[in-house]
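Please open the structure in your viewer and keep the selection tool at hand. We will walk through it stop by stop.

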Amino acid sequence: MRIVVPVKYVPDINAERKFVDCRVDRDPAVGTLNELDENALEAALRIVEALDEAEQETSEIVALTVAPPEGDVALRKAFQMGVDRGVRVSDDALAGSDYSGTTAALAAAVRRLETEGPVDLVITGMAALDGLGSVVPALLAATLGRPSVTFAKTVAVADGTLQATRETDEATESLTAPLPAVLSVADTANRPRFPNFKLIMAARSKEIEQWTAADLGLEPGAVGTAGARTETTLAAPRPEKPPVELVQDKGEGGKALAEYLIRHELV
Amino acid sequence: MTNRTVLVLLDPAGEVRPSVLELLTIGRTLGRVEAVTLEAPSVEALAQLGAYGVETVHQAELPADLRGDARHLSAVVAAVLTAAVRLTDADVVLAPSTFGAKEAVALAGHALGAGVIIDAAGVAEDDAGHVVGTKRVFAGSWDTVSRVTTDVAALTVRANAVVPQPAEAAVATEVEGFAVAVDAVLPAVTARTEKARDSDRPTLEEAAVVVAGGRGTEGDFGPVEAFADAVGGAVGATRDAVFEGWFDRYIGQTGVTIAPRLYVGAGVSGAPHHRGGMQASQVIVAVNNDPEAPIFEICDFAVVGDLSDVLGQAAEVIRAHKQQA
Ligand SMILES: Cc1cc2nc3c(=O)[nH]c(=O)nc-3n(C[C@H](O)[C@H](O)[C@H](O)COP(=O)(O)OP(=O)(O)OC[C@H]3O[C@@H](n4cnc5c(N)ncnc54)[C@H](O)[C@@H]3O)c2cc1C
Ligand SMILES: Cc1cc2nc3c(=O)[nH]c(=O)nc-3n(C[C@H](O)[C@H](O)[C@H](O)COP(=O)(O)OP(=O)(O)OC[C@H]3O[C@@H](n4cnc5c(N)ncnc54)[C@H](O)[C@@H]3O)c2cc1C
């Protein structure tokens, strides 16, 4: 079983996030692994751990990121959880990629990994907490020509078939797909493990493979700012809110709340 | 450039939800609006489409094996949108920002070589005639403006972007069938159960007023629901409250993203994951018994107190006010 887990390097949602020149400020001081990709890594690890020993021996989990060099922190975290390999695709030509460019780069990297041997599953998080598009997994599946099963809540792999259940806005669904397939897991799919000391130590010295756009045969015009189909022309912080009007409830708090809502024509 | 053709996704087609009425309203500012469906629209839906100025509904005719549960797969909806754009030579595709529609719009954009904007809070055009999407990002703390540089633009739009406005004059609406071939590799849908919709309350995604209950309810959503009914709002929860089994849907970055006129959080601490899904609300109100609760940082108005006392009293005053009016 070979599994590729795309992981994104994003600013920590607990830090102050900002844009510089219409691009996300990727300040390494606050850059981290997209938290929702921990669910994808956990899902991959559990699928491999459920295999018999002989199959586990030949299995491989590869964490893959399209990011500037600072993005290595995301891969280090993936190593700490127990993945076997880490690949970073970095290139000035990739800066400013929109959904199409990001997907093209990820798909090309998966194809390159396929030249070494089949990739049975690509497992992603349900969303990147900076862009919050939740569209890369479906686009990756379409680009690779594989079935996509997204937002999975339960996952099982047996006899070359992926089985999953999910909750969409409208319904509860059970889906199956033959491997190879693309899977995205919801935050409810599992509880990501905490890294153990041994893996933390080992993660420090693991080698990160680095590929460029040219290594992947990506046309410079198809990715990055040059290939983007959308262009962000303005990014501005919202004006700060005036301080909260705070009322201590001494028996009239509910009345004060009702009056606030009535006064502002909100009810 | 108002001679554009704008396609609006109407799925399901039994009713025209408020979010779709918003899309029709936005669409009319960009050009001529037509609807795309995967099933026959109901009589009520057709009447509403007519009132909003839609003359043509394009109803997809899918291959027999895709008419059942598989019809709801985003790759199938994407194939329908793609074929509809090619059929009508449309310039813009608009859909609501549900997880399924986001995927369908992105996949259609991929097939058409079109620029895609997900979760727009507003749609307009710039001086050069490009379609422009504004977004509220980073938990509502930044605004961005992006323009689509391709001929076709595909966007999903968040609910409460505009106030729905019927057309100046109603029109007659015709349904036209069109054949759709799907060549995507699809998973099999082995079971599908539609969720029952609470018909007495507005849906969480679309409501103008949302009342959320958190861990502070200690499992009793009674005061939250009674208050929501007094103000005519939808009810939501935090992820912790849903994991406890106290309620079924949660607001936040991994749950439902909302931007209503009014958000009221009761017994909600205001964790970053929760904020990410509601901070773009116009007015934020909270009731929390901890004077240091982090949610107060983003509130316009808040009461430090017990949620059942405060919500109970507030609901009473509001009901009395409404009766007077
Ligand atoms: C605030 C903001 C708004 C944006 N809006 C748009 C827009 O409207 N249209 C547009 O075309 N582009 C947009 N972008 C650019 C877009 O975010 C990037 O192309 C991004 O890499 C992929 O989209 P996402 O972050 O929404 O990922 P999602 O689709 O939410 O990511 C889902 C999963 O895909 C994987 N993944 C995503 N990106 C990477 C990566 N770089 N490396 C490895 N794995 C990855 C992860 O497993 C992740 O969990 C926006 C970016 C930001 C920061
Ligand atoms: C990957 C990931 C994704 C997540 N996504 C989401 C998400 O999308 N949405 C989400 O909501 N959470 C999400 N979470 C969880 C989130 O981090 C918080 O844990 C959660 O929002 C806290 O819920 P809460 O406010 O109900 O509980 P708490 O943080 O426990 O807060 C309860 C509050 O109630 C107050 N209180 C107690 N009793 C009373 C009373 N009688 N009257 C008034 N106030 C009272 C307390 O003072 C406290 O402030 C996510 C977490 C992770 C790890």
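This is a predicted model: local features need pLDDT of at least 70, side-chain atom pairs count only at pLDDT 80 or more; totals for chains, interfaces and linings use all residues.

Residues are numbered from 1 along each chain as its sequence is written, chains are lettered from A and ligands numbered from 1 in the order in which they are written, and side-chain values use heavy atoms, with hydrogens and water left out.

**Stop 1: the contact**

Show chain A and chain B in two colours. Contact here means heavy atoms within 4.5 Å, and 84 residues of chain B and 75 residues of chain A take part. The size of an interface is often given as the accessible area lost when the parts come together. For this pair of chains the buried area (the accessible area, with a 1.4 Å probe, that two parts lose on being put together, summed over both) is about 6,900 Å², and carbon and sulfur atoms give 59% of that. Now select Phe138(B), Trp142(B) and Phe301(B): in chain B these lose the most area to chain A, together 12% of what that side buries.

**Stop 2: a ring pair across the chains**

Aromatic pairs are rings of Phe, Tyr and Trp (its six-membered ring) with centres within 6.5 Å; planes under 30 degrees apart count as stacked, over 60 as edge-to-face and the rest as tilted. The structure holds five such pairs over all chains. Tyr260(A) and Phe301(B) are stacked, at 4.4 Å centre to centre and 20° between the planes. Tyr260(A) sits in helix 8 (residues 253-263) of chain A, and Phe301(B) in strand 16 (residues 301-304) of chain B. Helices (H or I, at least four residues) and strands (E, at least two) are DSSP runs, numbered from the N terminus.

**Stop 3: strands and charges**

Next, select strand 11 (residues 171-178) of chain A and strand 11 (residues 188-194) of chain B, which pair in the antiparallel sense over six bridges; pairing takes at least two bridges found by DSSP. Here Ser174(A) stands opposite Ala191(B).

How many salt bridges are there between chain B and chain A? The count is eight, a salt bridge being a side-chain nitrogen of Lys or Arg within 4 Å of a carboxyl oxygen of Asp or Glu. One joins Arg192(B) to Glu173(A) (2.8 Å, N to O). Another has Lys195(B) meeting Glu167(A) (3.2 Å, N to O). Lys195(B) is in the loop between strand 11 and strand 12 (209-213) of chain B and Glu167(A) in strand 10 (residues 161-167) of chain A, so this pair joins two chains.

**Stop 4**

Most residues other than glycine have a negative phi, and most peptide bonds are trans. Select Phe151(A) in strand 9 (residues 148-158) of chain A: this residue is not a glycine, yet has a positive phi of about 60°. Then look at Leu179(A) and Pro180(A), joined by a cis peptide bond with omega about 0°. Pro180(A) lies in the loop between strand 11 and strand 12 (181-185) of chain A. Finish at Asp11(B) and Pro12(B), where the peptide bond is cis, with omega near 0°. Pro12(B) belongs to the loop between strand 1 (4-9) and helix 1 (18-30) of chain B.
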